[in-house]
Each structure stands twice: as C-alpha cells, then as structure tokens.
Amino acid sequence: MNIVVCIKQVPDTETQIKIASDGKSIETDDIKWVMNPYDEFGVEEALVLQKEKGAEVTVVGAGPQRVTEALRTALAMGADKAVLIEDDDFYGADPITVAKVLAKAIEPLNPDIIFFGQRAVDDDSGVVGSAVAEFLDMPQLSVVTKVEVGDGTVQAHRPVEGATLVLESTLPCVITAQKGLNEPRYASLPGIMKAKKKPLEVISLADLGVERDDKLEIVALNPPPERAPGKQVEGETGQEIAINLVKLLREEAKVI
Amino acid sequence: MLYDLTDEQRMLQETVRRIAKEQIEPGAAERDAKAEFPWDVVQVFRDNGLFACDFKEAYGGAEMGVLALCLAVEEVAKVCAGSSLVLLVHELGSMPILLGGSHEQKERWLPGLAAGEKLVAFGLTEPGAGSDVGGIRTRAIKKGDKYIINGTKQFISHADVADYICVACVTDPEAKPHKGGLSIIVVEKGTPGLSIGKHEDKLGIRASSTCEVILEDCEVPAANLLGSEGDGFHILMKTLDFTRPCVASQAVGIAQGALDVAVAYARERQQFGQAIITFQGLNWMLADMDTQVEAARQLVYKTCSVFEDVPKDLSKVPREAIRLSAMSKLFAAETAMKVTTDAVQILGGYGYVKEYPVERMMRDAKITQIYEGTSQIQKVVIASCL
C-alpha cells in the first residue's frame, strides 16, 4: 500500500504577520515556518496505516528550499521518504496551479490514498485536495474525522452540523483531514536522528513538465481591523448598571 | 567550524519546545503547589524518547550528545524548572556509569536508563560533605564479594524514585579522597539496608523530590563498584564537569521563561495611558535581561560543543573544558537569579503572586546557584584554571 501525504509549510500561528510593502503579500523575513497543523493529522493517519497495513508513506511538498524542514519533520515523525518540488516563487501560487503540480508529482508514486489537511491555515482556501482528486480522477472524502481502511475500500466520517456523515469509497482516493481525526505524534528522538538518512528527492517544475499558469491573483491583503478598546458599564447600583448595560446592548452594539 | 546548531539539534529543540508548551506548561503551577514527583512528565519523556539523548546507540541511546540534552533541558526549564530536573538528574545519575562502568555494567544498567524505564540518582552530598568532598563519611567495607555500606546521604534528588543510586563511599580511610580514598558503588532499589529518610520541603523546584538516603549495613555486590577502588574522586569530578553545563542550560531556560513572561506583560500592561514597555526605565531592564540570557546561552552552547569531544571514560578532562564548564554554570545561574528577580519587578504586584509564573521561576532560579557546585565553588574552579 502506498500512501502520499501532501504538506504545506505555513507561518506558525503564533507568528505576528505583517503585510509587505506591495500590499498583497506578507513579510516573510522573521517568520517561523511550520507544517500546516491540518497536514499533521494527515501524516499521523498515514503513520497509523504504515504500522497497521505496512504501507509506505511518502510526503510531498512544494515551495522554496525551506519547505525541506517541514518534510524532514514528517520524516522524523516516521514517514519513509519525501519529495520536494523546489521552486522559489511558489508560495502564494494559485491553488489550482498547486494542485496541478502536486498531481503530476504524485501520479508516478502510484498512491492508494492521498492525504491532505482539509485546508491550510495561511490562506484558508481549502481547494488543493479536491482539485488534486479531480486532476487524478479519484474520489475524494473531504473534512473527515475518522478513517477506516478495508480491503480496497475506505470508510470515513465527516461531521455535519452535529451529525455524522458516513462515507465509503473505493481506493485509490483523496482524503482531507479535519481536526479530531487523531492526535499527531511528536517527532521522536530516534526519528530525528534517522530523518536525515531517509531519501528526499528534489525535483523542479521543469522536471514535471508543468508551467505556471495562475488564473487567480491576490490583489490586496488587509489586516483585520484593530480591536476597539473595551467599555466599562457605569452606574452606582447593580440595577443602574444593568439598565445602562441593556441600553448599550440595544443602542450601541445593536444586538437586542 | 559551523557556528550554529545542526539540523537535528534544531529539530529536537523545536520538538521539545512544543512538547513543553503542550504537555508540561499547563501543569507547572500545580506541580509546584503539590510538590509531588512528576510521573506524568516522566511518561511524556519516555513516550518521546527524550531520556535517550546522551546515551550511546549501543546501549539503546540516540547518541545526540550533551548539547542536544542541554537544548531539551532548556526548553523544559522555560516552562517548568522542576520538570527539567527529571532530565538533569537522569544525566547526573547516569554519568558515573557512563564514565566508570565496565561494558558489562553498561549493558546491565544503561538500556533501561536510556529508555527511561529506570530512574537513577547521584548520592554525593552528606550532612558534613557538600562543597568539600573530603567530608564524606559513608563507608564501604569489602567482605568477600560484597561491600557493606554504612552512612547517610543528604539532599539527594529523586533518591525516592530512583532504581539505582550511585553512592560515593570511602573505601580507604587512610588515603585522601582525591588520592584514592573514594569509590562509587551502584546501590539498587530494594537492597536490604537502603532506606529513604526525610523529604525536604523546598523553596523552589518543588516538583522534584529531595531526600535523605540512609545506608545501614547495606550489602551490595562487589560487581557494582564503578571502575576500580579509589576512582571515586575522579569519577565524581568528571561527572560534575559534564553535568554543570546541563544545570547551566536549566538556568538559561528559567531565565528565558521569565523574560518571555516579562516582555509579554510589559507589552500588555497599560499605565499612564501607554504600554509599560514604552518606558525606557523598563525596556532598558528588558534589554539587559535579554542580553544576559543570550550571553549565558552562548557560553553554555560553547561549553557543550567542547564537551562533545571529551571522551566519556576515565581519561583526564582538558583544563579548557573544566574552565568553560564552571564558567557556564556560574554565569547562567547568576543570570537566572538576576533575570527572574527583574521579571518579578517588571510585573510588580502581579509578579509577586501566584497568578503569574515569575515568582515560581524566581524561587526555582535560586537552586541553580547552589547545587552541583555553588557559584562560589565555580569561582574556585575557574581561578584554579587561570
């Protein structure tokens, strides 16, 4: 069984994001880059299948050289090998372009399951997994919190407004992971020592025969509005404060 | 030489930082309040193979070296100094075996220690022997294939939970301690005559246990002697040479943890209509703290890089390594005390209460100036290297 996990390297959620002077990208100088947290669920699920089914796990990432760090982290967690599609200008590419590139790189790996995070926490587009399924003509089970692999089939659970949708599909397929699927492990010490010895293949867009043809362009990035300071409700007595609170909720906040 | 951490060391640092934040920080205040040995933390370290850091692969270790261990200690100490002691004491207790143990002894004890299934303690200090090893009174007398040990050890970290205690004993009362009078004998848990006495109620590092160890006609197989009779002083000193940078990294971690809290607080706290970090009186304090912590850290890392090349056997430690080891411990411990005290000052009233972690960090910092050689003893060592 072959399993591929696609990994995006994203800014750490604790990093302070600053918008660059072009107004449509972010300052990347002081950013700490990490594996997209949703992708970690994919890696963990793949590693469970590695143990249970003897599956071989390949992690695939695209972007500049720094993406190697995220791939090495997955190798240290236990993945068997990695592929980096190296391109200095890939961060922020049109998700459909990303999917085309990944599909090309994944196809020769002959996967039974391709895992993605259900979305990346940086641009929140949530498109790539589905688009790869489309390009590879595979069924997709998106936003799942439970995966059970049978003989040539897979069953998955998707939470829907408190209910659970149980999906079944043949293999090969694409699965996108939602929070709750599992508890991702940490890279272990022996894993860290072994990670560097595991194969990491570096290929280029030219190797894949893909040319960038982005249809989608980010035209502007705006920071969220600054949070207005809190307001203390005035009043001498509890009753008075309550009256003023209701007044504020009605007239200013307009919520009642 | 590349003046930076290796990819593996950086990945370890990142991983432990995350483990510390997610698994260890949430319980830090409670561990301090309850003052109970942190078995949950031991399990976290076991699960992630962290005990294996500085053990050779041949004995089940990861063979990442002493700098890697120090990086792990630093990250844990940032959020919970008491928990970092689990790694620290493990290294301290294992070191005499790593240095003086025969292949057979290593095969017997090290795999369990590398996995963290077994814990170990270091029994040096006595009521009358702290800085002065010459005051050791615990006596081991050889009878056939056994040693009969009598004596009392004081302030022994984790002795109550340890499966093995490396005990420093007098085997030749005629000889001076540094001239062959002392030996190290591994006493296993459950040995008749070994008992744990009083548990200390401490100012800081309260999650760790500190106890008295009583040896009363304790019969230990002669095969548990490390090295030869009389190697004790050298094993002790070399053990401390190796582990002082680990204590120093604990101190750096405590200091960094307090600094991080102080900076975050100073950014948030408004007084006179502005964040207090905008006041030069405070941000210069923070600048000094940051500089001191970084200087201490670099000294520790440098020391570790020198120790990576010091063989773990009974060979002599190069003077340069001893000098750096003492300096890193001295400077990092003094820095930790100063930086945590200043962090409490920056938080003002909030710094003095348990709602914020800096008062705990200030209490935790104090021990780094005391154990594994006081700051004053470090100065004696440094001066002797001049």
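Predicted model: local features only at pLDDT ≥ 70, side-chain atom pairs only at ≥ 80, totals over all residues.
A residue counts as buried under 20% relative accessible area, as exposed over 50%, and as partly exposed in between (1.4 Å probe, protein chains only). Side-chain values use heavy atoms, with hydrogens and water left out; residues are numbered from 1 along each chain as its sequence is written, and chains are lettered from A in the order in which they are written. Over all chains, the structure holds 35 salt bridges (a side-chain nitrogen of Lys or Arg within 4 Å of a carboxyl oxygen of Asp or Glu).

**Between chains**

- Arg18(B) and Glu40(A) form a salt bridge through their side chains, at 2.7 Å from N to O.
- This pair runs from helix H1 (residues 7-24) of chain B to helix H1 (residues 37-53) of chain A, helices being DSSP runs (H or I, at least four residues) numbered from the N terminus.
- Arg18(B) is partly exposed at 36% relative accessibility, whereas Glu40(A) is buried at 10%.

**Within chain B**

- Glu320(B) is joined to Arg323(B) by a salt bridge whose closest N and O atoms are 3.0 Å apart.
- Both residues belong to helix H9 (residues 319-347) of chain B and are separated by 3 residues, about one turn of the helix.
- Glu320(B) is partly exposed at 39%, and Arg323(B) is partly exposed at 29%.
- Lys198(B) pairs with Glu200(B) in a salt bridge, with 3.4 Å between the closest N and O atoms; Lys198(B) is exposed at 52%.

**Network**

- Salt bridges link Asp12(A), Lys32(A), Glu14(B), Arg17(B), Glu75(B) and Lys78(B) in a network.

Conventions. Helix = DSSP H or I, 4+ residues; strand = E, 2+ residues; numbered from the N terminus.
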